[in-house]
Amino acid sequence: MATLDTSRPAAAALFAGLSLRAWKVIGLAAVLAAACVLPFTISSYQLLLANQVIVYAVALLGLNILTGYNGQFSLGHGAFYAIGAYCTAILLDKTGIPYWATIPLAGALCFVAGFLFGLPALRLEGHYLALATFALAVATPQLLKYKDFDFLTGGVQGIVISGPDTPGGLPLRSDQWLYFFCLLWTVPLFVLAWNLLRGRTGRALMAIRDHPLAASSMGIDLARYKSLTFGVSAMYTGIAGALGALLAQFVSPDSFDLFLSIRFLVGIVFGGLASMAGVFFGAIFIEFVPNLADLVSKAAPQAIYGIVLIVCMYLMPTGVMGLLRALGHKLGRLVAR
Amino acid sequence: MSGPAANGAAKPLLGVDGLSVHFGGIVALDNVSFRVEAGQICGLIGPNGAGKTTLFNVLSRLYQADSGTIEFEGKPLLRQARHAIAPLGIGRTFQNLALFRSMTVRDNVMIGGHCRARGGFAANALRLPFVGREERTLGERALRLIETLELGAVADTPVAALPFGTQKRVELARALASEPKLLLLDEPAGGLNHEEVEHLRDLIGSIRDRLGVTVLLVEHHMSLVMNVSDKVVALDFGRKIADGTPQEVQRNPEVIKAYLGGEL
């Protein structure tokens, strides 16, 4: 993101007396304020959808750190989402741990899982890594159904859990509370990611993506950075999975099929690779476009989905954020004139 | 300038001894030995395919040596990991450019300083106070180098959008940002016009004189090498054929033969 702010010296140009940076701060504050007001203005069902968008945005941020910023392709991030979701569901089902404490545990488990998966993946580049992660996505639903794990995972049936109640004294419905609970996780996660990506670590991640050999000649330890990035990425997506389980109050193997991983990839490409703001557009896309496609044609929703995707990619080959950046350049030039 | 009195008995900054590299049946370097003293500018010349870039790539640990040793400040270099070379104090540029193309000039130069900072994942994510200080130091140093190399106007432009000659200067700034003791320059004059080469000569001189950096220079531009170097090493077909002052090397019959071909 830091590169965004500074990519054009001419963009120091002012829009209505304020710099681009100031406008971004104002925009961010407005979005946050709107996010806080939102649950009081929409129906429960709409709130559920909004909450799911926020949860997907966290999952997409995880994948974007890995793929967009570090250049490692993953077709298997649905697996980490599933691990996070099942971790929370199993802990709530089998132990007395409070729901809020399951989230960091799910994150820690996914960090370890991602780090360990990243170690052998270090030897794989590009397409080969995509295939290895694809295998992960294919295997996960079957492992979750496997009958020897039944006692934990509930097998094909999955696990039904109850959603969190509003803490005493807060004048909120339980779905409103859950929305704020997700927001309380999402905002710090985005702040941490922003800090991570704007400094030395973020530059190292992007350097590895652009030219691994030169990056190692600059003193960047590729093995360390790539495996830790895999861990951090899986942790974000896993925390999203854990929040998603609280939201759905249900986990089952079939909710975490291969298609979920593909949707995550679609989300980050649609929103814009290596963009933090883009993941929200991506999350909106993957949450709403399937339903819209269903409205257009009950018979062939997938075909409609495919057509929408092709048109979007044709019109915005660098994603929503790429388009917005291009428009920003144009606007900047107009104002400078 | 730093370092001990340059009497011949002291350890050189860089000592290459009996270095050989094979690719399949091809001998890229054949028992090459030479030394570079601290504060020298050492030119490395030879016809195409003589093994100059191979030698650089062995020094940066991109290629494995088959036999021989390299000592840097008395420490064996060939046991180091690839990413440990920059922290030791060896910086380099690449013949065909190896920049981070989607990133800005400023970020490229700041990555050059990566090995002079230490903030890791957790410290960066939490933006601990020392990380902020490190960032400021790196940023200020990058800015000075950007100004020295006249890159100020393009500091926030992605590198891919810049002309070749400018990208070469970015590589030099990036290499200097790692605060090297030894700088390996791989054909810095390649693709530059006459005026730019003149400028480059002064620049290399001032890198040594003002920053105290020892320079090992691979270059085809003979007048540049002979003008700027304190000593010159000549390679041909992977063997060292001459080693001495520019005047000595220019007069060496083997060097003349290698460049002009034929029998003497």
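Author: Begin with a term. A cavity is a set of grid points where a 1.4 Å probe fits but cannot get out, and its lining residues have an atom within 4 Å of a point. Keep in mind that this is a predicted model.

Reader: How many cavities of 30 Å³ or more does a search of the whole structure find?

Author: The search finds 1 cavity of that size. About 50 Å³ of space lies in the largest cavity.

Reader: Which residues line the largest cavity?

Author: The lining is made up of Ser217(A), Leu59(B), Ser60(B), Arg82(B), Ile85(B), Ile90(B), Gly91(B), Arg92(B) and Leu184(B). By class, 4 of the lining residues are nonpolar, 3 are polar and 2 are charged. Strand β6 (residues 90–92) of chain B gives the largest share of this lining, 3 residues.

Reader: Where does β6 of chain B sit in its sheet?

Author: To read a sheet, follow the order of its strands. Here an open sheet of 6 strands in chain B runs β6-β7-β8-β3-β9-β10, with mixed pairing. In chain B, β6 and β10 (239–244) are the edge strands, and each has a single partner strand, so one side of each is left without a neighbour in the sheet. From one strand to the next, the twist averages 20°.

Reader: In which sense do strands β3 and β8 of chain B pair?

Author: Strand β3 (residues 41–45) and strand β8 (residues 214–218) of chain B pair in the parallel sense, over 4 bridges. One bridge joins Cys42(B) to Leu216(B) in β8(B).

Reader: Which helix lies across β6 and β7 of chain B?

Author: That is helix α6 (residues 164–177) of chain B, which runs at about 160° to β7(B) (182–186).

Reader: How do I read an antiparallel pair and a hairpin?

Author: Look at the strands and then at the turn. Strand β1 (residues 14–23) and strand β4 (residues 67–72) of chain B pair in the antiparallel sense over 5 bridges, with Val16(B) opposite Ile70(B) in β4(B). β4(B) also pairs in the antiparallel sense with strand β5 (residues 75–76) of chain B, over 2 bridges. There, Glu71(B) has Pro76(B) as its bridge partner. β4(B) and β5(B) form a hairpin with 2 residues between them, and Glu73(B) in the turn has a positive phi of about 50°.

Reader: What is the radius of gyration of chain B?

Author: Chain B has 19 Å; a compact globule of 264 residues would be near 18 Å, so the two agree. The C-alpha trace of chain B spans about 65 × 40 × 40 Å along its principal axes. Chain B holds 10 helices and 10 strands.

Conventions: Residues are numbered from 1 along each chain as its sequence is written. Chains are lettered from A and ligands numbered from 1 in the order in which they are written. This is a predicted model: local features need pLDDT of at least 70, side-chain atom pairs count only at pLDDT 80 or more; totals for chains, interfaces and linings use all residues. Side-chain values use heavy atoms; hydrogens and water are left out. On a 1 Å grid over the protein atoms alone, a cavity is a set of points where a 1.4 Å probe fits but cannot get out, and a pocket is an open set with protein on both sides within 12 Å along at least five of seven lines; lining residues have an atom within 4 Å of a point. Grid points are joined across faces, edges and corners, and a volume is the space filled by probe spheres set on the points. Ala, Val, Leu, Ile, Met, Phe, Trp, Tyr, Cys and Pro count as nonpolar, Asp, Glu, Lys and Arg as charged, and the others, Gly among them, as polar. Two strands pair if DSSP finds at least two bridges between them. Axes are lines fitted to C-alpha atoms, for helices over the stretch in contact, and angles run from 0 to 180 degrees between N-to-C directions. Contact means heavy atoms within 4.5 Å. The radius of gyration is taken over C-alpha atoms; the globule rule is 2.2 Å times the number of residues to the power 0.38.
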